[in-house]
Structure formats: C-alpha cells, structure tokens
Amino acid sequence: MLTIDGITVRLGGRTILDHASAAIPHRGKVGLIGRNGAGKSTLMKVLIGELDPDEGQVEKPRRTRIGYIAQEAPAGSTTPEEAVLAADTERSALLEEAETCTDPHRLGDVHERLLAIDAYSAPSRAARILIGLGFDEDMQRQPLDSFSGGWRMRVALAALLFSEPDILLLDEPSNHLDLEATLWLENFLKSYPATLLVISHERDLLNKVVDHILHLQGGKITLYSGGYDAFERQRAERAAQLASAKASQDAQRARLEDYVARNSARASTAKQAQSRAKMLARMQPIAALMEDPSLSFGFPDPSELRPPLISLDFAAVGYTADTPVLRRINLRIDPDDRIALLGRNGNGKTTLARLLAAQLEPMDGSMNASAKMKVGYFTQYQVEELASEATPLELMTRAMPDASPGAVRAQLGRFGFSGNRAMGVVGLLSGGERARLALALVTRHAPHLLILDEPTNHLDVDAREALVQALNDYTGAVILISHDRHMVELTADRLVLVDDGTATNYDGSMEDYIDFVLGRNQPKKKGEGKPAKTGGKSSAKTRARGRQLKSQVARAEKDMAKLQAQCSQIDQAMYEPAKAASELADKTMSELLSQRAQIAEKLSAAEAEWLALSEKLEQPG
C-alpha cells in the first residue's frame, strides 16, 4: 500500500498541499484529478522523491519500484526499439554479463535469471507496446532524433510501460496520443498488474480504467471509490450536504450576532452576550465547494450564410507538389455541420484542417468556399505562442483594432476574463486559462466555421464540460480533431475518416469506430461501420434535434443527482439524527416523511423525463 501521510508543500510562499492524506490500495488503479493548478504534478513529484514535503511523509513497501516519465523526451541515435528494451535495466545488465562471463557456474545463474524474467520474449513485448502507441516496424528502427517531441514522448511512455514498475505514475499520458493510441493505452492499463496512479482529464479513461478517484482541492485530497461518474455522483451529494450545513450555520451565526448586538450593553444580559460572542469566535466556518466563476466559454454566433460553406471536389492537398498527403477528397460542409475528423496521427487530419482554413491551397481538383465565410482555427501552437509579458486585454485590443473597448472586454468576458482577470500577465496564467484566451482570440470575429485541433489538452474535466456546452450552443459549423471521445460523442454528429491518403465520410457511430480500431465486433452488414465512398449526410434538423436532446438529458441527470442527494440527507436525519444537518435534525419524523415524499415525487418525475428523453435520443432520425 502507498500511504500519503499529512503532506504539506509550500512553494513561493503559497501552500500547495495542506496536510494531505490518503491510502492508495495495493494494486489499485487511481485517477488523480483536480482543477488546473491545484497541485497534482506537485503531489507526483513528492511521490517520486523529486520534491521533499515541508511536513508529512510518503510510506511505501521496501524495494518498491516507482515508475514516472521524465519531463525531457529521449533523444539521440538510439531507436525506439532500443530505448524501450533498455528500460529493463536488469535484463540489459544480465545480457551484457552473459556476453563476457567466463565462470560457467555464474553463466548458468545468469541464463536461469534471464529465463525467469522472460528476457528472450522482451523484443516482441516491446514491439507490441510500440505498435499500440503508433510505431510501425520501420518507425521502430529509426533514430529518435528523426521524430518530433510528441513522438519521442510516446517512446518514453512505451519504455515506462515496458519496465512494469510496482507503482506506475502517469501524468496526462494521452496528451501526445491520437484517439487510436489512447484506446490501446486504456486497454493496456485496464490489465496492468500493479498499482496505477494517473493524472488525467479524460472522462472515458477515468471511467474505464480506474477503480478509485483521488480528488485534490484546496490542498486536501479525498479518495472516492469507483470511476469518474461515481465520483461526480458522490461529489453532488457532498455538495448538497455542505450547502445545507453552511446554510444552517449561517442562520445560527446570524442569530448569535443579533443577540450579541442587542444584549451586550445591558447589564442583565451582558454575561450571556459574552458567552455567545465566544461561541461565535470558536465557530469554524463551513466552506462551500469551490466553484470557479471564470470557467466559461462563449462563442459569438456568426451571421447567416447560405449552404454550402465549403465544397471539395476531387481535391488534393500537401506540402510538396509531387507528393500530396491527401487525394480525391469529396467533402461538403454546411453552416450547421458538426464534424469530427478521425484517423491516426500522421494520416493528414491537420493537413485537411489547414486546407479548410485556407492555409493550404488545393494541388488538384477544386475547393469552393463562401466569399463571406470567416474561419476560426485553433491549434496548440497558438496557446504556446501567446506573448507571456502581455495581458489578455492588450492581446485582444491588438487583435480587434477597430472595436470599441466595450466590445473588446465583452469578447474577453465570454471566456472568463472579466474585470481584473483581463489585466493579469499571460505568463502567470495556467495552461487551461491560456487555452481559453487563445479560443477567445480566434473567435473574436464570430467565425462561421470553427476548426479545433486538440482543444482539450490543457483543460481539466470541468473545463471540458464547459467547452462541450459552449460548442453545442454555438450556431456555426465545427470541425473537431480530438482524442477526447467524450467530447466527440457529445458535439459531433458527423464523422470523417482520414486514412489511406484520402478523407471519406464514416457511416458508423463512435462505438463502431472504437470496435473497428480495436478489432472487435466487426460489422456484419456490408459497409456498416466502414468508410463510405459517398456523402449520405443527415438533415440539419435531425442533427440539431440530437444536440438539443443530449443537452436536455445531461440537465435531467443533474436534476436527478441533486434530488437523490436531498433524499439521502433526509434518510440520514431519520435514521442517524446525530449526523444530520441541523435544520433537518430539528424536524419531527412526520415532517421528514412529508418532505421526503415531496422530493421523491419530484425525483420520480425527473426520472420519467430522463427516460423519455433518452428513448427519443436513441430513436433514429
């Protein structure tokens, strides 16, 4: 078991972790979550011994191997295959000793140990991991220096997985992966035979891989059982309990303050007033769950344009005239389209996005676009290239030179940069805040087409949910490249597969595509779940209806969670009065039963509404 015992860490005069404690179950799979800047990476550094806590300690069994990816990507003339095999240091040392050992008895021991650790099957195991992370056989034998930083970080991840540490620590492992590699990683981690602690904002990974959630907030950590959906339900119940307790305490505080104010000056009641004043001083305030009011996305709606926005007819695109990346593309984009581009990294998704954004010209065929169309194109490079010494207000003012100060501030406000938040230096913003600022900049002119290339890499789970909601409220067209399939499933109603040197409509659902990638449950009907050669686009009205229903289902689920939490509070008041919130503890059993019946009736109605909406959502057309 890994035990975090009263850890306190202060950095730059600020307390990051405040007497944080938790016991990680042996061989447990734990997702570490929290808002950006909450201290997740700091906790990881404490666990690996890179950072000493000011107070507290980490306890783990003796001879426990902890595995963690270094910040710098591997480089040099070493190949990915060699780098991964070298991660098993015992195997490498034994093989080297076997080459030079002259003592027959020791040589026998060496070979016996090599057999015990399954050393001779290591190359095939390393190859399987590299293939899963996107490296074909040729790529596995190329020098690391020939790869980009993102691909070299994949090699670092492969080496760590291959080494099979007793405690595997992963910090946003899917950030450098495409959807296909993310799916493979999830399946690998599901069957990982030791303890896993992973920082992730991927809802699907947190639901399918982990069995506990470690939530970091306000310097404290709380361990919840189950995946992310179970955590959200428990958090909703806790929020309702805290809100109720806080309301009760606030009312009691107001009564005490009123008594002290009215009776302190009177000799007959001064002693009682002093007693109540001391009670007030001892009363520890109950803090409500922290919510970030700046966590917002609001895309300005564009003016109306007649369809299509863009049509591609047998178009080809690339970077050199003799070698196009994509050929024979037939694609139509209408003003209300929500399209997700699927396909492995390197297949040409970004190339197609740049063509649609008019950053590349078609090399063959034709591309026709509406003359009045405005495009907003978001990439991770824009987040990294924001001027660190400037303020959000300065950057937006430069980007909107002809706009009034009110219009500039209004655009910043849509993305949470209101008031003084617009005056902070960009260099001090978190990754999520910089991503919001970049989105504010690229949508300042109310684009008709919004192209998002991996928009979630710097966003925590709550920010991703806010982005999903904003995209569903946005009235323009969206082209989405993302390995976050939760976002894809909730926002996209049309899939385009970029593969085999072209881009074609994909007729199946995301579930069909996932099964297709993982090689399971292959479609039985001809053409089902495979790339389609012709369009077959559903009507705009059907897609809009689907988006609206998804939003209504999500709201109904939140209503149900809130009502269930209220029922749980009343149940506790009835059966464990000592633990009940004070405003419930004072009520009689008949009052509690009456109140619960009213809430149960509301819950029944909410469940019926949720069921009806869910059935509508599942109906075709």
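Reply: Domain bounds come from an automatic or database domain assignment. The model is predicted, so local features need pLDDT of at least 70 and side-chain atom pairs count only at pLDDT 80 or more, whereas totals for chains, interfaces and linings use all residues. Residues are numbered from 1 along each chain as its sequence is written, and side-chain values use heavy atoms, with hydrogens and water left out.

Me: How many cavities of 30 Å³ or more are there?

Reply: Rolling a probe the size of a water molecule over the atoms shows where empty space is left. A cavity is a set of points, on a 1 Å grid over the protein atoms alone, where a 1.4 Å probe fits but cannot get out; lining residues have an atom within 4 Å of a point. Points are joined across faces, edges and corners, and a volume is the space filled by probe spheres set on them. The count here is 2.

Me: Why does the largest cavity lie between domain 1 and domain 3?

Reply: Domain 1 (2-231) and domain 3 (310-518) both contribute residues to its lining, so the cavity lies between them. Its volume is about 60 Å³, and the lining includes Asp178, Leu341 and His483.

Me: Which residues line the second largest cavity?

Reply: They are His201, Arg203, Val461, Arg464, Glu465, Val468, Asp484, His486 and Met487. With helices taken as DSSP runs (H or I, at least four residues) numbered from the N terminus, H17 gives the largest share, 4 residues. This second largest cavity has a volume of about 50 Å³.

Methods
On a 1 Å grid over the protein atoms alone, a cavity is a set of points where a 1.4 Å probe fits but cannot get out, and a pocket is an open set with protein on both sides within 12 Å along at least five of seven lines; lining residues have an atom within 4 Å of a point. Helices (H or I, at least four residues) and strands (E, at least two) are DSSP runs, numbered from the N terminus.
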